[in-house]
Amino acid sequence: MKRFDLPAQWHVSALTDVPEPVRGTFPATVPGCVHTDLLAAGVIEDPYPAQNELATPWIGRSDWRYTCTFTVMSELLADDHLTLVCDGLDTVAEVHVNGELLAETESMHVGYRFELMGLVHEGENELTITFRSPYVYAYAKQVELGDLPNAYPEPFNFIRKMACNFGWDWGPTLVTVGIWRDIYLEAWSGVRFAGVRPLVMEASAEGARLEILADLEGEPAGHRLRASLADPNGTV
């Protein structure tokens with residue numbers, strides 16, 4: 001497994017109507033979010049003092065696009081797989097590579113892995129992640145599913161996004177978007193663990209029975225998996 005971090009030169013721009021100072025392209029920090037990017041660019045005030053949050057509700061009602069270019073070296077293409085790993089996308093996103101739609105996401109709380117072979121080439125490539133308005137998505141889901149119990153007049157219960165973005169008794173309403181965790185490339189061949197899940201089926205003072213489920217990705221046929229179990233003292 002070889003990991004390659006994407007370059008730090010990201011940019012963000014609005015795709016919908018926004019105030020005049022924000023109509024442009026600005027440097028973006030990844031991981032991060034659009035509020036901190038706009039704050040760093042000096043085009044919005046710090047939303048935390050006083051009631052400054054009330055001046056920025058349009059951010060969560062707008063669409064935003066993050067872009068970067070990255071170089072694919074020949075050694076990356078020599079493996080069986082080249083994977084784009086997105087540990088956290090917030091939240092409703094369309095991922096494009098060199099203009100081709102790679103994937104769509106709808107959850108902030110999970111990571112994603114996307115195969116890039118056939119979509120990238122040696123040399124410069126472009127990655128674009130378009131984030132749709134969380135409000136527009138959530139209100140559409142509310143219409144689709146019908147109203148649900150809610151403690152606040154915000155649609156946080158119709159989107160898989162941290163609820164406190166929509167305000168709480170201890171925090172402001174700052175509905176943001178962005179690449180909030182690491183994003184990078186992995187080149188690999190053969191077989192990889194996609195996940196390992198130990199399940200305790202029975203347990204008592206006399207002993208326990210466990211089932212270990214290993215999710216494999218690649219071509220597992222012909223491979224043998226060996227596992228050992230150690231106690232807290234390290235004894236196998």
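Colleague: Which residues does Glu186 touch, not counting those up to four places away in sequence?

Modeller: Bearing in mind that this is a predicted model, Glu186 touches Met1, Lys2, Arg3, His81, Leu82, Thr83, Val85 and Arg113, once residues up to four places away in sequence are set aside.

Colleague: And is Glu186 buried or exposed?

Modeller: Glu186 has a relative accessible area of 10%, and because buried means under 20%, Glu186 counts as buried.

Colleague: What does the side chain of Glu186 make a polar contact with?

Modeller: The partner is the side chain of Arg113, and the polar contact between the two side chains has a distance of 2.9 Å.

Colleague: Which strand does Glu186 lie in, then?

Modeller: Glu186 belongs to strand S14, which covers residues 183-188 and pairs with S1 in the antiparallel sense over four bridges; within that pairing, Arg3 is the residue that stands opposite Glu186.

Colleague: What order do the strands of that open sheet come in?

Modeller: The sheet is open and has four strands, in the order S1-S14-S5-S9, with antiparallel pairing. Strand S1 (2-5) and strand S9 (112-115) each have a single partner strand, so they stand at the edges and one side of each has no neighbour in the sheet. From one strand to the next, the twist averages 25 degrees.

Colleague: Changing topic, which residues stand opposite Ser13 in S3 and S4?

Modeller: In S3 the bridge partner of Ser13 is Thr25, while in S4 Ser13 stands opposite Arg65. As for the strands themselves, S2 (residues 10-14) pairs with S3 (residues 25-28) in the antiparallel sense over four bridges, and four bridges also join S2 to S4 (residues 64-72), again running antiparallel.

Colleague: OK, on to helix H3. What span should its 12 residues have, and how far apart are its ends?

Modeller: Helix H3 (residues 134-145) should span 16 Å at 1.5 Å a residue, and its end C-alpha atoms are 16 Å apart, which agrees with that expectation.

Colleague: Which residues of H3 are buried?

Modeller: Pro134, Tyr135, Tyr137 and Ala138 are buried in H3. They cover an arc of only 165 degrees around the axis, which puts them on the same side of the helix.

Colleague: What covers those buried residues, and what does the face turned away from them carry?

Modeller: The cover over the buried residues of H3 includes strand S11 (166-168) and strand S12 (171-173), whereas the face turned away from the buried side carries the exposed residues Val136, Val143 and Glu144.

Colleague: Which residue caps the N-terminal end of H3, and what follows the helix?

Modeller: The N-terminal cap is Ser133, which has a side-chain oxygen 3.2 Å from the backbone nitrogen of Tyr135. After the helix comes Gly146, whose phi is positive, near 90 degrees.

How values were computed. Residues are numbered from 1 along each chain as its sequence is written. This is a predicted model: local features need pLDDT of at least 70, side-chain atom pairs count only at pLDDT 80 or more; totals for chains, interfaces and linings use all residues. Side-chain values use heavy atoms; hydrogens and water are left out. Helices (H or I, at least four residues) and strands (E, at least two) are DSSP runs, numbered from the N terminus. The expected span of a helix is 1.5 Å times one less than its number of residues. Buried means under 20% relative accessible area, exposed over 50%, partly exposed in between (1.4 Å probe, protein chains only). The arc is that of the directions from the helix axis to the C-beta atoms. Contact means heavy atoms within 4.5 Å. A polar contact is a pair of N or O atoms within 3.5 Å; within protein, one must be able to donate a hydrogen and the other to accept it, and residues adjacent in sequence count only if both atoms are side-chain atoms. Two strands pair if DSSP finds at least two bridges between them. Axes are lines fitted to C-alpha atoms, for helices over the stretch in contact, and angles run from 0 to 180 degrees between N-to-C directions.
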